[in-house]
Structures are given as C-alpha cells and as structure tokens.
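This briefing concerns the charged pairs, the nonpolar core and the strand arrangement of the model shown below. The entries are grouped by topic.

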Amino acid sequence: MPRYLLLLMLACLLTACSQGTGRGPLWEPTTYKLDMTSTPSTTQSVTMEIGDYLVLEIRDPGDGGYTVDSPVFDKNLLKLSGFRHVPPARQAVFGDFGRFIYSFEALTPGATDVRFTISRPWENTPSQKAPYHQIHVVISQ
C-alpha cells in the first residue's frame, strides 16, 4: 500500500508542476530579459551569443478582444523554447489582463527581428494585424 501512495503523490506533484496557462517551462532564463510591459510599441535591440536565452515579457492587450499573434522570427537563428501567460495579480488595476512571457534560445550566428502583432479573431488578413512589439536580435559566436 505505501508504494501506491508514493506513486500517487509523485503523480500529483508532477501534475502540479506542469500546470500553467501556456506551454513551456515555468522557469525564466535571465541571460537577456526585456520587460516590455510598460514600453510603447517601439523596436528594441539585443546582442547575444549562441546558446544564450532571451526572455521577452509583454503586456496582454486583452482589451477590445485583442490577442497577441504568434511571434514571427527566423527559426534557423532562434528557437521558441517557452511561452506562458501570467494572469494579473489579485489586486490588479482595471484593464490589466496579465502578461505573456516568451523564451527564445539563440541557435546560430546572424540577425533577425522578432515581431509581435495583435489582432482580433475576426481579423484574418495581414493588413488588419496591428504591430505590437519588435525586437532586433543579433547573435554572435
């Protein structure tokens, strides 16, 4: 009986550790971290090395039915290694829909832009997608 209890506890622990509102790790690498939750939609730049991680934190634009579209970037240079949504704090400010955290790993040298757009479900054409954030990433050896 104790063996089954141990297995049940292990299963519950693993289930609890995998809980989250997005896919990806619940850890946040801190090699390069850009908090873009309070910045206007401008282009930022970062230079990193192969194997480094870039963590981007952006505000959830949930007001008006908007969602953040999947980021566009050169998949030969960067790998999306994690994504999750952090809900607003219990004492959140009105209009706070939380934030998204994206983790990228640098794969090979080069340069790429990571572009985020926002849209509403009924807006399907590229011209209806509004630019949200853009990050210019340079990967060196």
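Glu105 counts as buried, at 18% relative accessibility; buried means under 20% relative accessible area, exposed over 50%, and partly exposed in between, with a 1.4 Å probe and protein chains only. This is a predicted model, in which local features need pLDDT of at least 70 and side-chain atom pairs count only at pLDDT 80 or more, while totals for chains, interfaces and linings use all residues. Residues are numbered from 1 along each chain as its sequence is written, and side-chain values use heavy atoms, with hydrogens and water left out.

**Salt bridges**

- A salt bridge is a side-chain nitrogen of Lys or Arg within 4 Å of a carboxyl oxygen of Asp or Glu, and the count by this rule is four.
- Glu105 forms one of these with Lys79, and their closest N and O atoms are 3.5 Å apart.
- Because Glu105 belongs to strand E6 (residues 99-106) and Lys79 to strand E5, the pair ties together parts that are 26 residues apart in sequence; strands (E, at least two residues) and helices (H or I, at least four) are DSSP runs numbered from the N terminus.
- Lys79 is partly exposed, at 40% relative accessibility.
- Arg115 and Asp113 also meet through their side chains in a salt bridge, at 3.8 Å from N to O.
- Both residues of this pair are partly exposed: Arg115 has a relative accessibility of 37%, and Asp113 has 22%.

**Asp69 and Lys129**

- The side chains of Asp69 and Lys129 form a salt bridge with an N to O distance of 3.6 Å.
- This pair links distant parts of the chain, with Asp69 in the loop between strand E4 (67-68) and strand E5 (78-86), and Lys129 in the loop between strand E7 (110-119) and strand E8 (130-140).
- The two residues are 60 residues apart in sequence, and their C-alpha atoms are 8.6 Å apart in space.
- Asp69 is buried at a relative accessible area of 15%, whereas Lys129 is partly exposed at 29%.
- Not counting residues up to four places away in sequence, Lys129 touches Asp69, Thr117, Ile118, Ser119, Glu123 and Asn124, where contact means heavy atoms within 4.5 Å.

**A buried glutamate**

- Glu57 lies in strand E3 (residues 53-59) and is buried, at 7% relative accessibility.
- The side chain of Glu57 makes a polar contact with that of Arg99 at 2.6 Å.
- A polar contact is a pair of N or O atoms within 3.5 Å; within protein, one must be able to donate a hydrogen and the other to accept it, and residues adjacent in sequence count only if both atoms are side-chain atoms.

**Nonpolar core**

- The largest nonpolar core has 21 residues, and those with the most contacts inside it include Tyr102, Phe104 and Phe116.
- Such a core is a set of buried Ala, Val, Leu, Ile, Met, Phe, Trp, Tyr and Cys residues joined through side-chain atoms within 4.5 Å.
- Two or more residues come from each of strand E2 (43-49), E3, E5, E6, E7 and E8.

**Strand arrangement**

- An open sheet of four strands has the order E2-E8-E7-E4 with mixed pairing, where two strands pair if DSSP finds at least two bridges between them.
- E2 and E4 stand at the edges with a single partner strand each, so one side of each is left without a neighbour in the sheet.
- E2 and E8 run parallel and are joined by seven bridges.
- Val46 stands opposite Val137 in E8.
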